[in-house]
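Q: Could you take a close look at one part of this protein for me? I'd like to see how it sits in its surroundings.
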Amino acid sequence: MSERFYIDCEFDGHGGPLLSFGIVDEAGFGGHFRTTETATDPWVIENVLPLMDSHDADIEGTVPVNAIGAHLHYFLGTTQYPVIVADSPVDIGRFCAAISTGDDGGWASADYEHMTFEVHNVDCYPTDVPGAIQHNALWDARALRAKLTMNHPRAEGCI
(Lines give C-alpha, C1' and ligand atoms only; values in the text may rest on other atoms or scores of the structure.)
Protein backbone atom coordinates (compact mmCIF):
# COMPACT_ATOMS: atom_id res chain seq x y z
CA MET A 1 0.00 0.00 0.00
CA SER A 2 1.36 3.41 -0.92
CA GLU A 3 1.42 6.39 1.39
CA ARG A 4 1.43 10.01 0.25
CA PHE A 5 3.90 12.56 1.56
CA TYR A 6 3.76 16.25 0.69
CA ILE A 7 7.05 18.12 0.55
CA ASP A 8 8.51 21.58 0.18
CA CYS A 9 12.04 22.94 0.32
CA GLU A 10 13.63 26.28 0.95
CA PHE A 11 17.02 26.94 -0.57
CA ASP A 12 19.39 29.84 -1.18
CA GLY A 13 18.39 30.99 -4.63
CA HIS A 14 17.50 28.58 -7.43
CA GLY A 15 20.77 26.64 -7.46
CA GLY A 16 21.90 27.40 -3.93
CA PRO A 17 22.24 25.06 -0.99
CA LEU A 18 19.24 23.46 0.71
CA LEU A 19 18.23 25.46 3.78
CA SER A 20 15.20 23.52 5.03
CA PHE A 21 12.94 20.64 4.16
CA GLY A 22 9.28 20.23 5.13
CA ILE A 23 7.35 16.98 4.84
CA VAL A 24 3.78 16.07 5.83
CA ASP A 25 2.07 12.69 5.72
CA GLU A 26 -1.54 11.97 4.79
CA ALA A 27 -2.73 12.41 8.38
CA GLY A 28 -1.03 15.80 8.76
CA PHE A 29 1.98 14.65 10.83
CA GLY A 30 4.79 16.99 9.88
CA GLY A 31 8.55 17.19 9.95
CA HIS A 32 10.80 20.21 9.50
CA PHE A 33 14.52 19.79 9.02
CA ARG A 34 16.73 22.84 8.88
CA THR A 35 20.23 22.48 7.50
CA THR A 36 23.37 24.13 8.81
CA GLU A 37 23.89 25.81 5.42
CA THR A 38 23.91 29.61 5.26
CA ALA A 39 22.07 31.93 2.92
CA THR A 40 23.66 34.70 0.86
CA ASP A 41 20.79 35.61 -1.48
CA PRO A 42 19.33 38.96 -0.28
CA TRP A 43 15.72 37.93 -1.03
CA VAL A 44 16.13 34.66 0.91
CA ILE A 45 17.77 36.48 3.82
CA GLU A 46 14.89 38.95 3.97
CA ASN A 47 11.91 36.69 3.18
CA VAL A 48 12.79 33.13 4.18
CA LEU A 49 15.28 33.14 7.05
CA PRO A 50 13.08 35.14 9.46
CA LEU A 51 10.33 32.51 8.98
CA MET A 52 12.51 29.42 9.06
CA ASP A 53 11.65 28.38 12.63
CA SER A 54 8.01 29.53 12.59
CA HIS A 55 6.33 26.14 12.42
CA ASP A 56 4.52 23.50 14.47
CA ALA A 57 6.54 20.45 13.42
CA ASP A 58 5.83 17.16 15.12
CA ILE A 59 9.49 16.28 14.60
CA GLU A 60 12.26 18.71 13.78
CA GLY A 61 15.97 19.17 13.79
CA THR A 62 18.86 21.24 12.59
CA VAL A 63 21.30 18.98 10.78
CA PRO A 64 24.10 19.06 8.21
CA VAL A 65 22.70 18.93 4.68
CA ASN A 66 24.04 15.38 4.20
CA ALA A 67 21.92 14.19 7.15
CA ILE A 68 18.59 15.27 5.62
CA GLY A 69 18.27 11.90 3.85
CA ALA A 70 18.49 9.94 7.10
CA HIS A 71 15.77 12.13 8.60
CA LEU A 72 13.56 11.62 5.54
CA HIS A 73 14.06 7.84 5.79
CA TYR A 74 13.01 8.00 9.44
CA PHE A 75 9.96 10.11 8.57
CA LEU A 76 8.84 7.77 5.78
CA GLY A 77 8.93 4.91 8.28
CA THR A 78 8.25 1.42 7.02
CA THR A 79 6.39 2.29 3.84
CA GLN A 80 7.84 0.62 0.78
CA TYR A 81 5.70 2.56 -1.73
CA PRO A 82 5.97 6.26 -0.90
CA VAL A 83 4.25 8.77 -3.18
CA ILE A 84 6.13 12.05 -2.95
CA VAL A 85 4.01 15.07 -3.87
CA ALA A 86 5.38 18.55 -4.57
CA ASP A 87 4.35 21.73 -6.35
CA SER A 88 7.69 22.02 -8.14
CA PRO A 89 10.03 19.58 -9.88
CA VAL A 90 12.87 21.37 -8.09
CA ASP A 91 11.54 20.08 -4.75
CA ILE A 92 11.38 16.53 -6.16
CA GLY A 93 14.99 16.90 -7.30
CA ARG A 94 16.03 18.09 -3.82
CA PHE A 95 14.17 15.15 -2.25
CA CYS A 96 15.91 12.66 -4.57
CA ALA A 97 19.31 14.19 -3.85
CA ALA A 98 18.70 14.06 -0.09
CA ILE A 99 17.26 10.54 0.06
CA SER A 100 20.18 9.13 -1.95
CA THR A 101 22.98 10.93 -0.08
CA GLY A 102 24.65 9.42 2.97
CA ASP A 103 25.93 11.26 6.02
CA ASP A 104 29.41 11.24 4.44
CA GLY A 105 28.13 13.00 1.31
CA GLY A 106 28.46 9.86 -0.80
CA TRP A 107 25.77 7.78 -2.49
CA ALA A 108 23.25 5.95 -0.31
CA SER A 109 20.58 3.50 -1.40
CA ALA A 110 17.02 4.73 -1.07
CA ASP A 111 15.86 1.13 -0.37
CA TYR A 112 12.21 1.55 -1.32
CA GLU A 113 10.56 -1.09 -3.45
CA HIS A 114 8.76 1.55 -5.53
CA MET A 115 8.64 5.35 -5.30
CA THR A 116 6.24 7.57 -7.20
CA PHE A 117 6.64 11.30 -7.71
CA GLU A 118 3.89 13.79 -8.47
CA VAL A 119 4.25 17.44 -9.32
CA HIS A 120 1.08 19.52 -9.17
CA ASN A 121 1.47 22.96 -10.69
CA VAL A 122 -0.77 24.70 -8.16
CA ASP A 123 -0.51 27.85 -6.10
CA CYS A 124 -1.14 26.84 -2.50
CA TYR A 125 -1.73 30.37 -1.26
CA PRO A 126 -3.99 31.78 -0.12
CA THR A 127 -4.75 28.84 2.16
CA ASP A 128 -7.22 28.10 4.93
CA VAL A 129 -4.60 26.19 6.92
CA PRO A 130 -4.60 27.86 10.35
CA GLY A 131 -1.30 29.56 11.12
CA ALA A 132 0.23 28.94 7.68
CA ILE A 133 3.25 31.07 6.82
CA GLN A 134 4.32 31.24 3.18
CA HIS A 135 8.02 30.56 2.47
CA ASN A 136 8.34 28.18 5.41
CA ALA A 137 8.98 24.64 4.12
CA LEU A 138 6.67 22.87 6.58
CA TRP A 139 3.79 25.33 6.21
CA ASP A 140 4.15 25.22 2.43
CA ALA A 141 3.99 21.39 2.53
CA ARG A 142 0.90 21.61 4.76
CA ALA A 143 -0.71 24.11 2.37
CA LEU A 144 0.01 21.81 -0.58
CA ARG A 145 -1.58 18.89 1.28
CA ALA A 146 -4.65 21.02 2.02
CA LYS A 147 -4.87 22.26 -1.56
CA LEU A 148 -4.77 18.73 -2.99
CA THR A 149 -7.09 17.11 -0.47
CA MET A 150 -10.42 16.76 -2.18
CA ASN A 151 -12.41 17.48 0.98
CA HIS A 152 -10.71 20.83 1.42
CA PRO A 153 -12.62 23.88 0.10
CA ARG A 154 -9.54 25.21 -1.71
CA ALA A 155 -9.12 21.97 -3.70
CA GLU A 156 -11.61 23.00 -6.36
CA GLY A 157 -10.19 22.09 -9.74
CA CYS A 158 -7.28 20.08 -8.32
CA ILE A 159 -6.61 16.52 -9.39
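Which residues does Ile-23 touch, not counting residues up to four places away in sequence?

A: First, the ground rules: this is a predicted model, where local features need pLDDT of at least 70, side-chain atom pairs count only at pLDDT 80 or more, and totals for chains, interfaces and linings use all residues. Residues are numbered from 1 along each chain as its sequence is written, and side-chain values use heavy atoms, with hydrogens and water left out.

Leaving out residues up to four places away in sequence, Ile-23 touches Phe-5, Tyr-6, Ile-7, Phe-29, Gly-30, Gly-31, Phe-33, Leu-72, Phe-75, Leu-76, Leu-138 and Ala-141 (contact means heavy atoms within 4.5 Å).

Ile-7 stands opposite Ile-23 in E2. Strands here are DSSP runs of E, at least two residues, and helices are runs of H or I, at least four, numbered from the N terminus. E1 (residues 3-11) and E2 (residues 18-25) pair in the antiparallel sense over seven bridges; pairing takes at least two DSSP bridges between two strands. Both belong to an open sheet of six strands, ordered E4-E3-E2-E1-E5-E6, with mixed pairing. Its edge strands, E4 (59-63) and E6 (116-119), each pair on one side only.

Now the core (buried Ala, Val, Leu, Ile, Met, Phe, Trp, Tyr and Cys residues joined through side-chain atoms within 4.5 Å, buried being under 20% relative accessible area with a 1.4 Å probe, protein chains only). The largest one has 22 residues, and Phe-21, Ile-23 and Phe-95 touch the most other members. Elements giving two or more residues to this core are E1, E2, H2 (68-76), E5 and H3.

Terms used. Buried < 20%, exposed > 50% of the residue type's maximum accessible area, 1.4 Å probe, protein only.
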